[in-house]
Amino acid sequence: MTKSNNESMKKKLKKMAYHKVNADQRTQGQYLDSDDLQATALELEWDMEKELEEPGFDHFRLDGAVQHHLGNSQSPDLDLEPIQPSASPKGRFQRLQEDPEYISHYSRQSPKSHRCSFFQILKVFCAALILFIFGIVIGYYAGKKCPSPPASPEPNSTHNYHEILKEIKAENIQQIYRDLLKSPREDDVDAAMKILLQWTSHGLEDVRLVNYSVLLDLPDSSSNTITLKNSGECFYPDGQQCSKVTKTLHSQDLLYSYAAYSAKGTLEAELVDIQYGTIEDLMRIQTTTNVTKKIALLKLGQSPLLYKLSLLEDAGFGGVLLYVDPCDLPKTTDLADKAFMVSLNSGGDPSTPGYASIDGNYRQHRLNLTTLLVQPISASLAKKLAFIPENRVQKDKCVPVQMSSTDKKIISLSIQSITTYKTISNVIGYLKGSVFPDRYVIIGSHHSSLNAYDGQEWASSTAIITAFIQALMLKVKRGWRTDRTIVFCSWGGTSFGNIGSYEWAEDLKRVLQRNVVAYVSLHNPVRGNSTLHPIASPSLQQLATESQSINCVEKTECPGSNVSSVQTQGDSDYFINHLGVPALLFSYEDINTSENASFLSEALFPMHAMRTEELDPSFKLHENIAKFSGHATLQIANEPVLPFNALDIALEVQNSLRVFLGEEVDASQLLAVASRLRDTAELFQSDEMRPANDPRERAPIRVRMLNDVLQSLEKSFLVQQAPPGLYSEL
């Protein structure tokens, strides 16, 4: 009876197992095929038979099993009616032997998923093997066509610099110079187009012409005049008396002997000699003379012209006669009877101060930039007005021009000019860097803006930058390229206040402020032939010194000129004063023995007064300037770590404070701060710069961070509101 009950229990449990499997699969939303379902049920059957055969199974309670399955709401069809006991209580394997149909009905097959998984693995393995063999074949043939680079590549080594610089030759610069001056005088746009074609012909691919419509102050059809009321004599700016013959012979020079953006009109007043117009000079004059609406006789030099004019305007003067004292000029230069041009524009288009002259921007039509009537005159005319004899010489010593304090002279000053809008053009060429294309090194020159003034100097600087492009592109065509981007610029409107460079920089101010690394200037590179005169921002002084030695590599001694950090004139003005970009300039000048010779380059003399081919007939000086400037440009554009010197900045700050503050008691604390700045700069040079310059310790991310710091050094010393004409930077 017990066995019969056991068999009956087994039948019921088997039926419950089939229902359980079916219910569970419906619960999970999945359905097994018939083979898998049979295999699963068979496994349950085997487990239950094993348990029933174990001793003590008589105590198994069916009620518990029934209650368990009833708890599953997903099994409503479960049938628990009595089931007939099985004919054989034997185990599973005995039934397989006795019933031949049982094995065909319940035999378990291998799951399909296992077979599919095996074939998928086999397919992936075969595909990977084919791709691996295919890659080996491609690499083999590609390696035969593309030879590997040298084992120790130095793509930006000194050898590459010398290869480029040796292609810069004096005869090439001379030929380019003559080609620029071959055609008749052209306006700004025509000259810019000729330069663009030259640069493109040498292989510079990305060259653009950028035009701006700007407000220019041009000379009138008749020359300005100065009349001495005491005698009634009338003079032109060069010192010759007013006559039709003189006007015909020198009409072009006379017309362009003026101050652009000066006030216009006629003023009759007393002439007051204020020498260089310093604060001391003004205080001395004002103690004895009422200067209101008077005309000042002013020398160029010592300080910027715009700064001195601002002092005169504040003092109440009504007019100014400018001249260059012959004692401030080199002995080899004879400009006594030459008048000149100056611009009273601090920079950029006067109609859009502080923003770019592009379509849609508001324009201010300003006829003049000062209330003063300003007129440049020759030194010979200044002597006539001061009643100084022409042959006033004391033992071969030059005697400065100075009026007698007892003489009182009334003069009449008549000034006219035409203010109109003209188009000026910039030529911008790009050589994109291969490693840091978002870092720019700018090298700039300028081209002709006036018919007679600006002379041949524009062709001189343009020939130098074109020769450098020609030499550089020969190397680029062989696969070499600079790490940083080099931007080649030829500016228009320089004579009227660096208009072209200002407008382009104002238009792209945000990009340039973030990306420009340095500016290499070629502004009037050959002003004389006596000595090399390098000027550089403090952080670039060491590089300027090193660049002078490229022509004497094989010599045991290589004397170089001292690098000055005094203020420079030219198109680098905006980049230095508004963007905080370090700049350098190489130029040849005649030896000046006077301490007052600075800022004389603000005067633009007529073209035939200083002929370039007379100063440098072999163009060897031009070649030197091209190589010095080219070497500095390549160093900045290619060295992994920017060749800037933080210690030189700290030393410049400390030395400047000592000069200006002297022995003042209140200056001790400020000098102590400058001393700590120098100590910090020394620590920075030793702990950061030296390891970064060692290729074995150089980490790319660290170098990039270090370069960003070096690039921002000079920006830290920008002055927001500097006096007119003075630098806004250290």
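Throughout, buried means under 20% relative accessible area, exposed over 50%, and partly exposed in between (1.4 Å probe, protein chains only). This is a predicted model, so local features need pLDDT of at least 70 and side-chain atom pairs count only at pLDDT 80 or more, while totals for chains, interfaces and linings use all residues. Residues are numbered from 1 along each chain as its sequence is written, and side-chain values use heavy atoms, with hydrogens and water left out.

Let's start with the disulfides (pairs of cysteine sulfur atoms within 2.5 Å). The count comes to two, and here they are:

| Disulfide | Sulfur to sulfur | Angle about the S-S bond |
|---|---|---|
| Cys-234 and Cys-242 | 2.1 Å | -60°, left-handed |
| Cys-327 and Cys-398 | 1.9 Å | -85°, left-handed |

Helices (H or I, at least four residues) and strands (E, at least two) are DSSP runs, numbered from the N terminus. Cys-327 is buried at 16% relative accessible area, whereas Cys-398, at 42%, is partly exposed.

Now for the interior. A nonpolar core is a set of buried Ala, Val, Leu, Ile, Met, Phe, Trp, Tyr and Cys residues joined through side-chain atoms within 4.5 Å. The largest one has 69 residues, and Trp-199, Leu-472, Phe-488 and Leu-710 touch the most other members. Helix α15 (residues 457–476) is the top contributor, giving twelve residues. Domain 1 (156–217 + 423–593 + 617–639) and domain 3 (650–716) each supply at least three residues to this core; those bounds come from an automatic or database domain assignment.

Which residues does Phe-488 touch, leaving out those up to four places away in sequence? With contact meaning heavy atoms within 4.5 Å, the list is Trp-199, Leu-204, Val-427, Ile-428, Gly-429, Leu-431, Ile-443, Ile-465, Phe-468, Ile-469 and Leu-472. Another core, of 32 residues, lies apart from the largest one, and its members include Tyr-258, Ile-424, Val-487 and Tyr-519.

Trp-199 belongs to helix α9 (residues 188–201), where it is buried along with Asp-188, Ala-191, Ala-192, Lys-194, Ile-195, Leu-196 and Gln-198. Among the elements covering the buried residues of α9 are α8 (170–182), β1 (206–219), β13 (417–431), α15 and β15 (484–491). The expected span of a helix is 1.5 Å times one less than its number of residues; for the 14 residues of α9 that gives 20 Å, which agrees with end C-alpha atoms 20 Å apart. Just past the helix, Gly-203 takes a positive phi of about 110°.

Last, the rings. Those of Phe, Tyr and Trp (its six-membered ring) pair if their centres lie within 6.5 Å, with planes under 30 degrees apart stacked, over 60 edge-to-face and the rest tilted. That rule finds nine aromatic pairs. Tyr-256 and Tyr-258 have ring centres 6.4 Å apart and planes at 70°, so they are edge-to-face. Tyr-256 is buried at 10% relative accessibility, as is Tyr-258 at 2%. Phe-468 and Phe-488 make a tilted pair, 6.2 Å centre to centre with 55° between the planes. Phe-468 in helix α15 and Phe-488 in strand β15 are 20 residues apart, and both are buried. Ring pairs also link Trp-491, Trp-504, Tyr-519 and Phe-575 into a cluster.
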